[in-house]
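User: Could you walk me through how to read the features of a two-chain model?

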Number of protein chains: 2
Amino acid sequence: MDYKIRAARKEDCKDIARMIMELAVFEKMPDQVKISYKELERDGFCQNPFFECLIAEVSDAHRSKCGHTVVGYALYFYTYSTWKGRTVYLEDLYVMPEFRGNGIGKSLMSKVAKIAAEKQCVRLQLSVLDWNSPARDFYAAKGAQDLTDSEGWHFIRFDGLSLDNLVKEAPQD
Amino acid sequence: MDYKIRAARKEDCKDIARMIMELAVFEKMPDQVKISYKELERDGFCQNPFFECLIAEVSDAHRSKCGHTVVGYALYFYTYSTWKGRTVYLEDLYVMPEFRGNGIGKSLMSKVAKIAAEKQCVRLQLSVLDWNSPARDFYAAKGAQDLTDSEGWHFIRFDGLSLDNLVKEAPQD
């Protein structure tokens, strides 16, 4: 199947928001999604955007059962390792189920890696749920390390009240 | 003990690099540190910097045994959640051992939270090693969630050969 990988444009944000929800349903946490295409437009297509995004697009002839031609996305941003330097973080990688098995996910991820390499990034990082064996196997087969298993790194999050409390404790300028 | 929290300046990078190594020694992975103050200067003090940094500074009267007045740092950057939006990621939080117990770490973290809240960030995230109980207890006491324990998120990394292989597989433009 022919498909094209290209940088997302502002007008793709409705498609991206749709697929973000599809991915969250797969990850069994759809009620966690609180943002809409409007926030994506604001945060991804401003000066100093908070993220970048690639889109996988098929021709009209191959559009999905529901009529979509944007069938996958990779959303990423740049982070920093104080040990190794510039890093790219792949926040989301998604291909609609009916388009899987065509190498689209692999192409999206490789293209992110290539863009990052051009920016002198030395790492590509992401996170995955422990029960998502297909994804874990896919990353492992490509040589990725699971840092939680091998070194014991855990994700910690402050939000809501715990974040508000931190903010309140900040020293005055 | 009096101390000041302030934004890092380019000339602080030698002190930051020194403390990055001290933290890596504590984390039992000093051989992993491959960057020097020169990369920090390049990546943190350019247009669209890859990170921001706060410094804790004491007066000359309180300088360390080795003569340092920059005694702690918090290095952070902005990431993005496709479920919740703008997020700040605290890559490193460190206070020199002889200055601990004075609330400096708490002040650094709270100040990062405050700066992030002003940028409409709704989360502060970080990672911690499973054996680092003092840090884990500190975050838990402040209301943070351990997402690896509660939801099963694992860190995945591509670097070196596995990253090179991804780059090679990228589709041509």
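Predicted model: local features only at pLDDT ≥ 70, side-chain atom pairs only at ≥ 80, totals over all residues.

User: What rotation superposes chain A on chain B?

Analyst: Copies are superposed by least squares on C-alpha atoms of residues with pLDDT of at least 70 in both. Here the rotation is 180 degrees, with 0.0 Å of shift along its axis and an RMSD of 0.0 Å. The two copies are thus related as by a two-fold rotation axis.

User: How much area is buried between chain A and chain B?

Analyst: Buried area is the accessible area (1.4 Å probe) that two parts lose on being put together, summed over both. For this pair it is about 7900 Å², with 58% from carbon and sulfur atoms. In chain A, the residues losing the most area to chain B are A:Tyr80, A:Trp83 and A:Arg157, together 12% of what that side buries.

User: How many salt bridges cross the interface?

Analyst: A salt bridge puts a side-chain nitrogen of Lys or Arg within 4 Å of a carboxyl oxygen of Asp or Glu. The rule finds four between chain A and chain B. One salt bridge joins A:Lys142 and B:Glu169 at 3.2 Å, N to O.

User: How many disulfides are there over all chains?

Analyst: The criterion is a pair of cysteine sulfur atoms within 2.5 Å. The search finds zero. For B:Cys53, the nearest cysteine sulfur is that of B:Cys13, 7.7 Å away.

Note on methods: Residues numbered from 1 in each chain as written. Chains lettered and ligands numbered in written order. Heavy atoms only, no water.
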